[in-house]
Amino acid sequence: MVLELLFEYSASSLVYDKVLSRKLQESNLDGRLVKTDTEIKLYVESQDAVKLEEFANDISLELPHSIFLKNTEVKVLETLPESDFVLEKSKKLPLSFCPSCLNKVLDETSPDYYNPFCECEVCGYDADGTQKNYKTEFAKIANSINDGSVVKVNTFYGEYYIGKVSPVCNDISFDIVSYDLASISKYTNVTKTETVALGAIEKPFIGLKTNLQFKMDFEGVEEELIRFKLADDFILHLTLEELHKLGVNFLFITKEKLEYQDEFLIVDVKKTLEPIECVVSEHNVIILSGDKGLPSFELSSEPVVPYLGTFNSVIKEHDFKDKTVVGLNMSKDYHNNILVYGKKFGLIEYLSFKSEYSSISEIFEVIASTNETGAKLLQNYKTEFSELYEKVSAVSFDDKELNIYKIWGIISIILGYSKTSDLYESADKLENNAKSFLGAKGPRIDYKLQNIKSKVYLDPLMVIRTAMTFKLAGVDDLCLSYGVVESFVEFLAGQLDEIKQNMSNDVVVASGSLLGNKHLFSKLDKEVSVNHELYFNKELPVDGINIKYGGNDLLNS
Ligand SMILES: [Zn+2]
C-alpha cells in the first residue's frame, strides 16, 4: 500500500523539500518525492498500515507550517509512481529554527540544550559563535529585563534593543515579540488565519490592534496597529522562554538606539536582514516588506516604470507570460491603473486612476462649475462647515500626479478627519477610521469613469462629491470612511467583470502597497475571487519595483 502526501507549496527556501527528503531517508521506507512548480508529492510504501500511519504522524509533527503552503491532501494508492526527484543542493536561506531544532534546544538531555547556535540543513543562520549551554546567561538577561533594564542584543540578523513593554516605548517606534500565540490572541484582534501565519516558520510580523497598555500618554493608541511576531531566532526565543517563567510574555524590540542597562552580544552579526511583514486574508498571504528568508533579487540596471515593474513581477513569479492577464496596480506612491496584457495584443492601459489637481480650492471650483448640483453641494458645505471650508480651501499639494491613496487623503482633509494637510497622513487617518468601523456596510460612494481624449479615467471629483454629500447627511466618520474604501473595492470588482467579458482574460493579478490595508486586501480577495482567478506576488513584497523585472520586455512584446 502506498500513501501519497500532497503539499501545494513552492518557496525558494525549499524547507518542505528538505524536511520531507530527510524524513523519508530516516524512515527506511520505500518512497519517492515528486515535485512541480506548485506542489510536492511524497509517496511512501509499506505492507504495514500502522507504519505508514506513524510516518504520516511523524511528518505532521516535524514539518513546520509555512506562509507559502496553500493546501495539503492525503491519498492511498496501489503502487509508487515511476518518476523521482533529486533535491537541489541549494544554498540555505536564513530562516527561523525548525521544530526539530527547537526540540533539541529545549530538551535537557540533548547536547544542544540552550545552545542558540543549534541549526540544521533546513533552518538557521550560519552564524559564528561558541556552541554551548547558555542557560545561565539567558536566565540572567531575563532577570535583568524583568527588573526593568533595556538590553542591547545581537540577534542572528541584526542589532536590537529589547525590554519589557513600559513607558520607554512612548517615544520610540517599536514592534512586539511574543512568547506564544495564546498571548497574542489574548491581547489583540488577531484572526484565525493570521494566527496560522504568525506561527509559520517564516515568523512574519503582522500589524494588529491591541488593548495592551503600551503607550501610557499616547494619543490615539486604539487606532494604531502594532506589529507582532513570535521569536524568529534562538536568542529571542530562549530569552522569552526564561522571561515566561517570570510571568513576562511580551518584549518590545527596536532598532532605535536607546540608553541601555545591560547587553547580550554572544552572536557576531554577519549580515543585517529585515524581518518580513505580512498581510493575511481568508485564503492568501502577501508580503508587505522585508527580506529575511526570501530569495534575493537583482536590482534593475535600467530605469523601471514602477507600475510595470510590479505588474511584471507577479507575471514572472507565476509564469503567466503566455496568458491573458489583467493587472491592478494600486501603489500608495506611484501611478495606479488597470493593465491588460496578452500575447496577441501586447500591453494596454485599460483604465487610469491619474488625476492632476494642485489644491483643494481648485477642486472646489471645478465641482461648483460642473453643474447646478455641484454648485449647490459646495454652497451647502460652505454654510454647514464654514470654519472647515476656510481651513481646507488653503490646502495645496505639490504632487505631480494624484492616485487613489492621495484622493483618499484629499477626502479625509475635506471631511475634516485629518489634522494635517499631508496627503499620506490624511489618507492614513481615513484608513484607520475604516478599520475601526464595526458595522457591516458603509454608504455607497460613486466611483465613476470619464473619457478624456479617448482614454478612460476614474473621475475623482464624483468620489469627492458623494463623500461630501454623505458628510452633509450626517453619516459618522467611521462609517463614511469605511464606505470610501469598500465602494472602491466593489468598483474594481465590477470593472474586472466587465473586462473579462470583453477581453476573456485568464487571470487577474494585483499589486501595490495599498494591499497592505488588511480590510481592502481581504475584501478584494473575497469579491474578485468569485469570478476570477486572482494572484498576488509570491516571494516578493507587493511594491517590489526595484528589481530586475522592469517590465520593459512586456512593453516590447
Ligand atoms: Zn533545524
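Q: How many bridges join strand E1 to strand E3?
A: Strands E1 (residues 2-9) and E3 (residues 39-45) run antiparallel and are joined by 7 bridges. Two strands pair if DSSP finds at least two bridges between them. The elements themselves are DSSP runs, numbered from the N terminus: helices are H or I with at least four residues, and strands are E with at least two. Valine 2, for instance, stands opposite glutamate 45 in E3. Please note that this is a predicted model, in which local features need pLDDT of at least 70, side-chain atom pairs count only at pLDDT 80 or more, and totals for chains, interfaces and linings use all residues. Residues are numbered from 1 along each chain as its sequence is written.

Q: In what order do the 4 strands form the sheet?
A: The sheet is open, with antiparallel pairing, and its order is E2-E3-E1-E4. Strand E2 (30-35) and strand E4 (69-77) are the edge strands, as each pairs on one side only. From one strand to the next, the twist averages 15°.

Q: Which strands does helix H1 touch?
A: Contact between two residues requires their C-beta atoms, placed from the backbone, to lie within 7 Å. Helix H1 (residues 15-27) packs on the sheet and touches E1, E2 and E3. The direction of H1 makes about 5° with that of E3; such angles run from 0 to 180 degrees between N-to-C directions, and axes are lines fitted to C-alpha atoms, for helices over the stretch in contact. Helix H2 (residues 49-62) also packs on the sheet, touching E1, E3 and E4, and its direction makes about 20° with that of E1.

Q: At what angle do helices H12 and H13 pack?
A: Angles under 35 degrees count as roughly parallel, over 145 as roughly antiparallel, 65 to 115 as roughly perpendicular and the rest as oblique. Helix H12 (residues 404-414) and helix H13 (residues 423-436) pack at about 75°, with their axes 7 Å apart. H12 and H13 are therefore roughly perpendicular to each other. Among the residues that meet are Trp408 and Ile411 in H12, and Leu423 and Leu430 in H13.

Q: How do H10 and H14 pack, and what residues meet there?
A: Helix H10 (residues 372-384) packs against helix H14 (residues 460-472) at an angle of about 45°, with axes 10 Å apart. That angle makes H10 oblique to H14. Gly374, Leu377, Asn380, Tyr381 and Glu384 in H10 meet Arg465, Met468, Thr469 and Leu472 in H14.
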